[in-house]
Amino acid sequence: MPSLKGPPELKHLDHVLVTPLAIKRRIAGLGEQLNADYAKKDLMVIAIVNGALIFTADLLRQMRSPLRLDCLRASSYHDGTKAVGEPRIVDSMKLDVRGHNVLLVDDILDTGKTLAAVAGMIKDKGALSVKTCVLLDKKARRAVPFEADYVGFEIPNEFVVGYGLDFNERYRNLPCIGVLKPKYYAGLV
Ligand code: 5GP
Ligand code: MG
Ligand code: MG
């Protein structure tokens with residue numbers, strides 16, 4: 001375990017998969033790519049919250065093209081580490097995506113059901129283009145054919161927390177991506 005600065009819950013981690021420095025560097029790289037790809041386009045960024053909150057905040061500050069930001073909420077993990085049923089999309093967007101280039105930002109691409117559903121909904125609303133950007137990709141878990149256009153890191157099939165990702169709404173403020181010790185997932189503490 002690298003010694004990291006952060007909240008006391010860092011001690012709940014069994015291991016770290018992505019360090020704060022690696023996240024920072026990768027986001028700088030993603031920002032460059034997005035700046036190049038959207039240099040001459042009017043961009044509408046839609047963050048899928050709560051998970052994508054911290055990633056989106058850091059990513060947007062790397063972007064130089066004019067953009068607007070909105071959020072929508074989707075949930076499939078009502079609590080715990082097992083997805084329950086189909087993702088629920090709570091469409092609370094203020095912006096009208098019709099005729100706009102949309103970039104959907106999420107924390108992690110897992111089964112693919114959430115992003116497939118949200119991307120479909122945004123297309124149905126008449127967006128000009130829909131691209132997706134995720135910090136993490138768990139390819140082994142895909143249940144529907146879906147690939148993101150921009151990916152931070154591919155990670156193994158483990159339930160991760162930190163940097164926006166929660167377990168029962170906790171651990172979002174950890175500065176790294178990591179895996180909890182089994183006793184914390186089991187709710188024994
Ligand atoms: P999908 O619909 O692709 O299966 O799931 C996407 C959503 O499930 C993500 O936006 C995220 O909220 C949640 N999720 C999937 N895998 C993980 C994980 O390893 N850790 C956490 N905290 N959430 C996950
Ligand atoms: Mg999510
Ligand atoms: Mg969650």
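Reader: Where does Asn 168 lie, and what makes a stretch a strand here?

Author: Asn 168 lies in the loop between strand 7 (150-154) and strand 8 (177-180). Strands are DSSP runs of E with at least two residues, helices are runs of H or I with at least four residues, and both are numbered from the N terminus. This is a predicted model, in which local features need pLDDT of at least 70 and side-chain atom pairs count only at pLDDT 80 or more, while totals for chains, interfaces and linings use all residues. Residues are numbered from 1 along each chain as its sequence is written, and chains are lettered from A and ligands numbered from 1 in the order in which they are written.

Reader: Why is Asn 168 called partly exposed?

Author: A residue is buried if 20 or more other C-beta atoms, placed from the backbone, lie within 10 Å of its own, exposed if 12 or fewer do, and partly exposed in between. Asn 168 has 13 other C-beta atoms within 10 Å, so it is partly exposed. Its phi is near 50°, a positive value in a residue other than glycine.

Reader: And what makes Glu 169 count as exposed?

Author: Glu 169 has 8 C-beta neighbours inside 10 Å, so it counts as exposed. Glu 169 also sits in the loop between strand 7 and strand 8, and has a positive phi of about 70° although it is not a glycine.

Reader: How do you know that the protein chain is as compact as a globular protein of its length?

Author: First, the layout: the protein chain has 4 helices and 8 strands, running β-α-β-α-β-β-β-α-β-β-β-α from the N terminus. The radius of gyration, taken over C-alpha atoms, is set against the globule rule, 2.2 Å times the number of residues to the power 0.38. For 189 residues the rule gives 16 Å and the chain's radius of gyration is 16 Å, so the chain is as compact as a globular protein of that length. Of these 189 residues, 32% count as buried.

Reader: Which residues of helix 2 are buried, and what covers them?

Author: The buried ones are Ile 54, Phe 55, Thr 56 and Leu 59. Their cover includes helix 1 (20-37), strand 2, strand 5 (101-109) and strand 6 (129-137). Contact here needs C-beta atoms, placed from the backbone, within 7 Å.

Reader: What is the peptide bond from Val 49 to Asn 50 like?

Author: That bond is cis, with omega near 10°. Asn 50 is in the loop between strand 2 (43-49) and helix 2 (53-60).

Key. Two residues are in contact if their C-beta atoms, placed from the backbone, lie within 7 Å.
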